[in-house]
Amino acid sequence: MAGETLIEVKNLKKYFKVPTGMNHAVDDVSFTINRGETLGVVGESGCGKSTLGRTIIRLQDATDGQVLLHGEDVTTVTGKKLKQVREKMQIIFQDPYSSLNPRMRIESTVKEPLRLSGRFHSKAELQEETERLMNLVGIDKRLRASFPHELDGGRRQRVGIARALALNPEFVVCDEPVSALDVSIQAQVLNLLIDLQEQMGLAYMFVTHDLSVVRHISDHICVMYLGQLVEKAPTKEIFENHLHPYTAALLSAIPSTDIFKPMQRVRLNGEITSPINPKPGCRFAARCPYATEACSQPQELKEVGKDHFVACCRVKEIN
């Protein structure tokens, strides 16, 4: 049912212990995702996008906070309950080659999660569902006995998508699923994901650093910087009325083909703040041209317009 809240993330934190302290990879992140919608998560490399996705689906355990699936906290479930949760939340990995077993043929790779689920009582049922899945994502019959190294990147990613959808999940983390593919193949995979979302009512969290891609597929966008959300708004609002200085810098880096409107690149100076034991203030302040003493205080993600949230104490002064 569209509009129904499926995933609710509350004050989620994921820290990693390193020799010099604690790496705050994901720090106090909150948002919701509705059934049938796509939330894009963007930011530069190392900002915590992928760690956030993996923590939500329990590939990594959270340090603190909650992830609610249909209103039920899944951050502490174990055993049989955890298995049920993982069937409802899946992931499509960035690298379609390293995420597949090189010794398994394509058909066996797709069949494996179905077989392990114990849902099918005969080999005929299992084979029928395997073929339905491969048809659904467009894997040709002539390729089904192939090994991963015999396929190109786009076809390998279709296998990864089939495997992620095998157990009819409700929520899928797409961890930069097209970044390793050629541009023409990217479009095919993106259109496939959109079609599957419409058919199955899936909710996506689409992790990417490519703003052109996220604009095409997302309903809402979260902008991350060093483990924290700095801006969250509907996609159109982010591109037309962005308010955080970091978002402005990201958007200015999108290549333009308009010779009459040359790119107005926002150049960021200063050192990137360390994510290890960071100070309480704004983590972007060291690179922000508008930073003042007030930015040394903790920044909260506040609603400054309808469904538009920004973590910046100077947002009204600089816009």
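Cys295 is buried, at 8% relative accessibility (buried means under 20% relative accessible area, exposed over 50%, partly exposed in between, with a 1.4 Å probe and protein chains only). This is a predicted model, where local features need pLDDT of at least 70 and side-chain atom pairs count only at pLDDT 80 or more, while totals for chains, interfaces and linings use all residues. Residues are numbered from 1 along each chain as its sequence is written, and side-chain values use heavy atoms, leaving out hydrogens and water.

**Cysteines**
- The sulfur of Cys295 has its closest cysteine sulfur in Cys313, 4.1 Å away, which is too far for a bond.
- Cys288 is buried too, with a relative accessible area of 16%, and its sulfur lies 6.2 Å from the closest cysteine sulfur, in Cys295, again too far for a bond.
- The count comes to 0 disulfides (a disulfide is a pair of cysteine sulfur atoms within 2.5 Å).

**The sheet**
- An open, mixed sheet holds 8 strands in the order β6-β7-β8-β3-β9-β10-β12-β11 (strands are DSSP E runs of at least two residues, helices H or I runs of at least four, both numbered from the N terminus; two strands pair if DSSP finds at least two bridges between them).
- β6 (89–92) and β11 (302–305) are the edges: each has a single partner strand, so one side of each lacks a neighbour in the sheet.
- From one strand to the next, the twist averages 25 degrees (axes are lines fitted to C-alpha atoms, for helices over the stretch in contact, and angles run from 0 to 180 degrees between N-to-C directions).
- β3 (residues 38–42) pairs with β9 (residues 220–225) in the parallel sense over 4 bridges, and Gly40 has Ile221 in β9 as its bridge partner.

**Helix on the sheet**
- Helix α2 (residues 79–88) packs on the sheet, touching β6 and β7 (171–175), and its direction makes about 50 degrees with that of β6 (contact means heavy atoms within 4.5 Å).
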